[in-house]
Amino acid sequence: MNRSRRVLASLLATTCLVAGVGTASAQVDPASPGSAGAGDPYFPDYGNGGYDVIHYRVHDRIGFNRGRLTGRTTVRATATQALSRFNLDMMLKVRSVTVDGEQATFRKPNRHELQVTPADPIAEGEVFEVRVKYAGTPKNREWNGEDVWLGNRREVVAMGEPQIAAWWFAANDHPSDKATFDISINVAKKKKVIANGELQEVRKGKERNTWHWRAAEPMAPYLAFFGAGSFALDRGRTATGLPYAYAVSRQLRKKQRTKAFRFLQTTPKVLAFLEEWLGDYPFSTTGGLVTGLDVNFALENQTRPTYPYTGGAGSSWLVAHELAHQWFGDKVAVQNWRDIWLNEGLATYFETLWADNYGWSTPQKWLLSEWGSYPRTFWKLKIGDPGGNRMFDYPVYQRGGMAVQALRQRIGDTDFKALLRAWVTDREHGSVEDFIALAEETSGEDLEGFFDAWLFSSTRPARTVANGLS
Ligand SMILES: [Zn+2]
């Protein structure tokens, strides 16, 4: 969805309402509350109903000593129903809320939800602006049994999946609602901030600076991030003219920092490899952050993945994984969290192809060797619907990547490449069902048995030609 269409829709809706006034037969839906969740089958309270976010403007101030975050988020959204009230997701204590500049009443029915009642109801199709002010200590705030905030007295990185957004901005926190972002983070002068998109300016104050980054391409809330700390920052353009920003934590020793930069500098080479398969890189800037925090995962934050310190050379498979996610997960976001195989299976596959590119195997040899090497328990998880607490289990990745290679073997290289290109072109979201339908359409084959065996069964797929195991 782009902005001009939304504005048009809103104008049309307004026109209809005006035209309806005074005619006895006019039927205007009475305003009702937007739902407290986006309807995700795994996480019913993630996201919200009744509106669609266009843009977030986030201003946060980070205090390192006490771990405090003080901020305000302006959310511009289109009402998709007549709203008497609506929810946002916000884990911190809320100080005030306005809707279109007017004080709104609000309450926190629980730690995760913020319920906002505007002074006047919002008409369907109307574009409205909510401003939420909040403050608190994001660390040790748990939701769904998870304490997701990463930071110490020297460095903070707001990254997480599926949860992180509500810990630092007022969000409609579900991947089905993408929006553009302005992210401004205020820190002490000696700190730097890196976030998604492009750096707009550093507003200099006496003791503190505000770093303003802009993500001009629609983004799922969990993919928005920032890192604040003592960073070595390298910004420039790749050989093909793509702006990049690499940041490496100064908590790492000098030798480690050199390795970390070398690791980040594989980005253009990996992108070129992925572009051969998938077409143009979907965003206008790239880069990455190597954090000095003790983090046990990397994350595909849009345009700028965050990596733990990995030890440098030889680990570019991780870059391949996170950059493959720029297409699978970021450009094409999951419709619901149940669709996680689309992210992790495809990213694992391209991570494997990248390694293959270095000549240690062919992908089909890899598949057959993997297929033969796991115990029965590995095959128990139905990766097409793994459950909310098992989305990031090893089989979602490994069986997931194997399923992709099996599909390639089953439908052939030509159809496989056409399928992937079609999947990542002109699409902002997708479900596993959509992917299966497109695979069948592209190949002209009935693939129900194939996908049942690979995604929806609790046993190892039989070694048959139909299952891509020849
Ligand atoms: Zn991944």
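The area buried between domain 1 and domain 3 is about 1100 Å², and carbon and sulfur atoms contribute 59% of it. Buried area here is the accessible area (1.4 Å probe) that two parts lose on being put together, summed over both. On the domain 1 side, Tyr-42, Glu-161 and Lys-178 lose the most area to domain 3, together 50% of what that side buries.

The model is predicted: local features need pLDDT of at least 70, side-chain atom pairs count only at pLDDT 80 or more, and totals for chains, interfaces and linings use all residues. Residues are numbered from 1 along each chain as its sequence is written, and side-chain values use heavy atoms, with hydrogens and water left out.

The chain is divided into domain 1 (1-21 + 31-227), domain 2 (230-324) and domain 3 (337-455); these bounds come from an automatic or database domain assignment. Taken over C-alpha atoms, the centres of domain 1 and domain 3 are 33 Å apart. Contact (heavy atoms within 4.5 Å) involves 14 residues of domain 1 and 13 residues of domain 3.

Between domain 1 and domain 3 there are 6 residue pairs in polar contact, both residues at pLDDT 80 or more. A polar contact is a pair of N or O atoms within 3.5 Å; within protein, one must be able to donate a hydrogen and the other to accept it, and residues adjacent in sequence count only if both atoms are side-chain atoms. The count of salt bridges between these two domains is 1. A salt bridge requires a side-chain nitrogen of Lys or Arg within 4 Å of a carboxyl oxygen of Asp or Glu. By this rule the count comes to 7 salt bridges, including the two tabulated here.

| Salt bridge | N to O distance |
|---|---|
| Lys-178 and Glu-428 | 2.9 Å |
| Arg-214 and Asp-182 | 2.8 Å |

Arg-214 lies in strand S17 (residues 208-219) and Asp-182 in strand S14 (residues 179-188), so this pair ties together parts 32 residues apart in sequence. Strands (E, at least two residues) and helices (H or I, at least four) are DSSP runs, numbered from the N terminus.

The zinc ion has the protein donors His-321 (NE2), His-325 (NE2) and Glu-344 (OE), lying 2.0 to 2.1 Å from it. Donors are N, O and S atoms within 2.8 Å of the metal (3.2 Å for Na, K and Ca); water is not among the atoms, so sites may look incomplete. The donor spacing in sequence is H-x3-H-x18-E. Both His-321 and His-325 belong to helix H4 (residues 316-327), 4 residues apart, about one turn of the helix.

Two backbone features fall in loops. Glu-161 and Pro-162 are joined by a cis peptide bond, with omega about 0°; Pro-162 sits in the loop between strand S13 (156-158) and S14. Asp-100, although not a glycine, has a positive phi of about 50°, and is placed in the loop between strand S5 (93-99) and strand S6 (102-103).
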